[in-house]
Amino acid sequence: MRQHPARHDLAFRSFPMPVPSTEFKKALKRLSDKEKETLLLRAVRRDAELYETLAFELLPDVTVEQVYAETSDRIHELFNVAVTGRLLNRSLTKALSKATKETARARRITKDKRLEVDLNLYTLRLIFDHYTGQFDSPYNGFYVGTARLTARTAQLVLTNLHEDLWLEYKSELDDFLTQLHNRSKSRNLRFELPRELAV
């Protein structure tokens, strides 16, 4: 079978973030305030995440609570749209993947580790309140994705949050973990799914 040449387009490569050179920083310093403002406005018009990051850092009324509210609304809508899909399990798997990306974006914007945990839990509540019937689907993707997110969230609590907060999350995470272990699919997972949040 004929091999295709290696592809080098952006979709298949991971590029490191650029590090501004000394010459770049010097050139930036030489710009007038007006020129800097023009450059910055041009950049934020092209990059929504950059705009949201700067809005969070510069505007006093853009808070972590507001970012949580807006992100959780988007996550909720992702699952609402998934329910209208033809193949529910696959649609939910896609919604879960997109929800995880929304949470990662909120974390990058705010640099708030607890926000990531709280948004993950918001997603997990949606799933365990409404969609656990799909865990029994012949397609494993939704169950595995949910188990992976639950395990990751438990790990984030222990590694990123102060121990005084651990008990606040333990009961809910333990419940999710128990429900996941009660499914036969838990025996075939290729990663460790804890049985409880080990505080």
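**Close-up views of a predicted model**

**Figure 1. Helix H4 and its span.** Helix H4, comprising residues 64-83, has 20 residues and extends 29 Å from its first C-alpha to its last, close to the 28 Å expected at 1.5 Å a residue. The structure shown in this and the following views is a predicted model.

**Figure 2. The two sides of helix H4.** The buried residues of H4 are Val-67, Thr-71, Ser-72, Ile-75, Phe-79 and Ala-82. These residues lie on the same side of H4, because they cover an arc of only 120° around the axis. Glu-65 and Asp-73, on the other side of H4, are exposed. The packing partners of the buried residues of H4 are helix H3 (48-58), H5, H6 and helix H7 (141-160).

Figure 3. Glu-102 is located in helix H5. With a relative accessibility of 19%, Glu-102 counts as buried, because the term applies to residues under 20%. When neighbours within four places in sequence are left aside, Glu-102 is in contact with Thr-71, Arg-74, Ile-75 and Leu-78.

**Figure 4. Glu-49 in helix H3.** Glu-49 is part of helix H3. Not counting residues up to four places away in sequence, Glu-49 touches Arg-105, Arg-108 and Ile-109. Glu-49 and Asp-112 are 63 residues apart along the chain, and their C-alpha atoms are separated by 15 Å.

**Figure 5. Lys-111 in the loop between helices H5 and H6.** Lys-111 is found in the loop that lies between helix H5 (88-110) and helix H6 (113-130). Most residues other than glycine have a negative phi. Lys-111 has a positive phi of about 60°, although it is not a glycine. The relative accessibility of Lys-111 is 57%, so this residue counts as exposed, the cut-off for that term being over 50%.

**Figure 6. The largest pocket and its lining.** The largest pocket has a volume of about 210 Å³. Two elements give two or more residues each to its lining, namely helix H1 (22-30) and helix H2 (33-46). The largest share of this lining, four residues, is supplied by H2. The residues that line the largest pocket are Phe-24, Ala-27, Leu-28, Leu-31, Lys-36, Leu-39, Leu-40 and Ala-43. By class, the lining contains seven nonpolar residues, no polar residues and one charged residue.

Terms used
Residues are numbered from 1 along each chain as its sequence is written. This is a predicted model: local features need pLDDT of at least 70, side-chain atom pairs count only at pLDDT 80 or more; totals for chains, interfaces and linings use all residues. Side-chain values use heavy atoms; hydrogens and water are left out. On a 1 Å grid over the protein atoms alone, a cavity is a set of points where a 1.4 Å probe fits but cannot get out, and a pocket is an open set with protein on both sides within 12 Å along at least five of seven lines; lining residues have an atom within 4 Å of a point. Grid points are joined across faces, edges and corners, and a volume is the space filled by probe spheres set on the points. Ala, Val, Leu, Ile, Met, Phe, Trp, Tyr, Cys and Pro count as nonpolar, Asp, Glu, Lys and Arg as charged, and the others, Gly among them, as polar. Buried means under 20% relative accessible area, exposed over 50%, partly exposed in between (1.4 Å probe, protein chains only). The expected span of a helix is 1.5 Å times one less than its number of residues. The arc is that of the directions from the helix axis to the C-beta atoms. Contact means heavy atoms within 4.5 Å.
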